[in-house]
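Here are my notes on the structure you passed along, as numbered points. Please read them with the model open.

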Amino acid sequence: SALGKSAKAAGKVATTALAAAAAAAAAVATTSLSTYADFEQAMANTSAIAGANEEQYKALEAAAREMGAKTTKTATEAAEALGYMALAGWDTQQSIAGLEPVLRLSEATQMDLARCSDLVTDSMSALGLGVEDMAGYLDLAVQTNNKANTTAEMLMEAFIGCGGAARTAGVDLTDLSTALGILAKGAEAGTAMNAMLVRMTSKDVAMNAMKKLGVSAFDAAGNFRGLETVLGDLSKAMVNLSTEERAAYMSQIAGT
């Protein structure tokens with residue numbers, strides 16, 4: 001009699017446990033299918049943007065899956081990041097090479113991955129940098145993030161705004177990131193720096209004002225002397241001026 005009651009009780013427990021297990025399994029299956037569908041859609045989008053053939057698709061898919069396994073980002077997020085790189089004009093191999101560094105930057109700065117991918121590709125394009133320059137560039141972004149009152153996100157926003165002018169003038173990237181780290185205003189800093197660089201290197205009103213102070217933006221060979229050097233010389237040249245004179249010169253040289 002005791003064994004019979006125990007058996008009935010065990011049967012009820014087993015039935016309840018099996019029902020719960022079945023429900024949990026169904027939930028896992030549904031989530032897995034949804035995750036797989038999201039990944040497949042992300043890969044389809046990326047493949048279409050990249051114009052990938054079958055072999056290239058497999059390589060992109062393998063890279064996305066690998067990064068989903070070895071970073072804190074999902075495979076779907078990695079696939080979406082590859083899409084942003086393709087939008088920037090990077091080919092399959094360039095995108096795959098740049099994927100992990102971008103994911104690591106996103107991890108290090110706690111930046112949204114889609115936003116991070118977009119900013120990295122756009123800012124590097126503005127500065128005229130290639131994938132081969134990525135390691136040094138991202139290291140600079142992280143260093144500025146850690147050592148200035150700005151973030152890597154704000155710095156890259158600023159690079160987008162002034163990258164063209166900086167590239168044209170031949171401004172050193174470390175000097176530029178230092179100045180933007182001091183300005184620390186993201187896109188606003190980029191706009192301001194763009195205006196300053198354009199004025200100092202091409203506008204008569206600024207170049208004549210600098211000439212009166214005995215400072216030139218260019219050396220004898222016509223090359224830009226460096227942002228730190230030029231600003232340092234201007235600072236020294238204005239040290240004995242009155243506040244009114246200094247303000248007038250700064251307005252003529254750098255704008256408002």
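1. Helix H10 (residues 204–212) and helix H12 (residues 243–254) have axes that come within 7 Å and cross at roughly 135°. Because of that angle, H10 is oblique to H12. On the H10 side the contact is made by Val-205, Ala-206, Ala-209, Met-210 and Lys-212, and on the H12 side by Tyr-249, Gln-252 and Ile-253. Six of these residues are nonpolar, one is polar and one is charged. Please bear in mind that this is a predicted model.

2. The largest nonpolar core has 59 residues. Those with the most contacts inside it are Leu-99, Val-120, Leu-176, Leu-180, Leu-197 and Leu-234. Helix H7 (residues 152–169) supplies the largest share of this core, with nine residues.

3. Which residues does Leu-234 contact, once its neighbours within four places in sequence are left aside? They are Met-200, Met-210, Leu-213, Val-215 and Ile-253. Two of the names return from the first point: Met-210 belongs to the H10 side of the helix contact, and Ile-253 to the H12 side.

4. H7 also packs against helix H8 (residues 173–183); their axes come within 11 Å and cross at roughly 130°. The two helices are therefore oblique to each other, and H7 passes H8 in a right-handed crossing. From H7, the residues Leu-155, Ala-158, Phe-159, Cys-162 and Ala-166 meet Leu-173, Leu-176, Ser-177 and Leu-180 of H8. This contact divides into eight nonpolar residues, one polar and no charged. Leu-176 and Leu-180 are also among the residues with the most contacts inside the largest nonpolar core.

5. Thr-150 sits in the loop between helix H6 (134–147) and H7. Is Thr-150 buried or exposed? Its relative accessibility is 7%, so Thr-150 counts as buried. Apart from neighbours within four places in sequence, Thr-150 is in contact with Thr-144, Asn-145, Leu-155, Gly-181 and Ala-184. Of these, Leu-155 is one of the H7 residues that meet H8.

6. Glu-61 lies in helix H2 (residues 54–70). Glu-61 counts as buried because its relative accessibility is 19%, and buried means under 20%. Not counting residues up to four places away in sequence, Glu-61 touches Phe-39, Glu-40 and Met-43. Met-43 is 18 residues from Glu-61 along the chain, and their C-alpha atoms are separated by 6.8 Å.

Notes. Residues are numbered from 1 along each chain as its sequence is written. This is a predicted model: local features need pLDDT of at least 70, side-chain atom pairs count only at pLDDT 80 or more; totals for chains, interfaces and linings use all residues. Side-chain values use heavy atoms; hydrogens and water are left out. Axes are lines fitted to C-alpha atoms, for helices over the stretch in contact, and angles run from 0 to 180 degrees between N-to-C directions. Helices (H or I, at least four residues) and strands (E, at least two) are DSSP runs, numbered from the N terminus. Angles under 35 degrees count as roughly parallel, over 145 as roughly antiparallel, 65 to 115 as roughly perpendicular and the rest as oblique. Contact means heavy atoms within 4.5 Å. Ala, Val, Leu, Ile, Met, Phe, Trp, Tyr, Cys and Pro count as nonpolar, Asp, Glu, Lys and Arg as charged, and the others, Gly among them, as polar. A nonpolar core is a set of buried Ala, Val, Leu, Ile, Met, Phe, Trp, Tyr and Cys residues joined through side-chain atoms within 4.5 Å. Buried means under 20% relative accessible area, exposed over 50%, partly exposed in between (1.4 Å probe, protein chains only). A crossing is left-handed if the near helix is turned anticlockwise from the far one by less than a right angle, and right-handed if clockwise.
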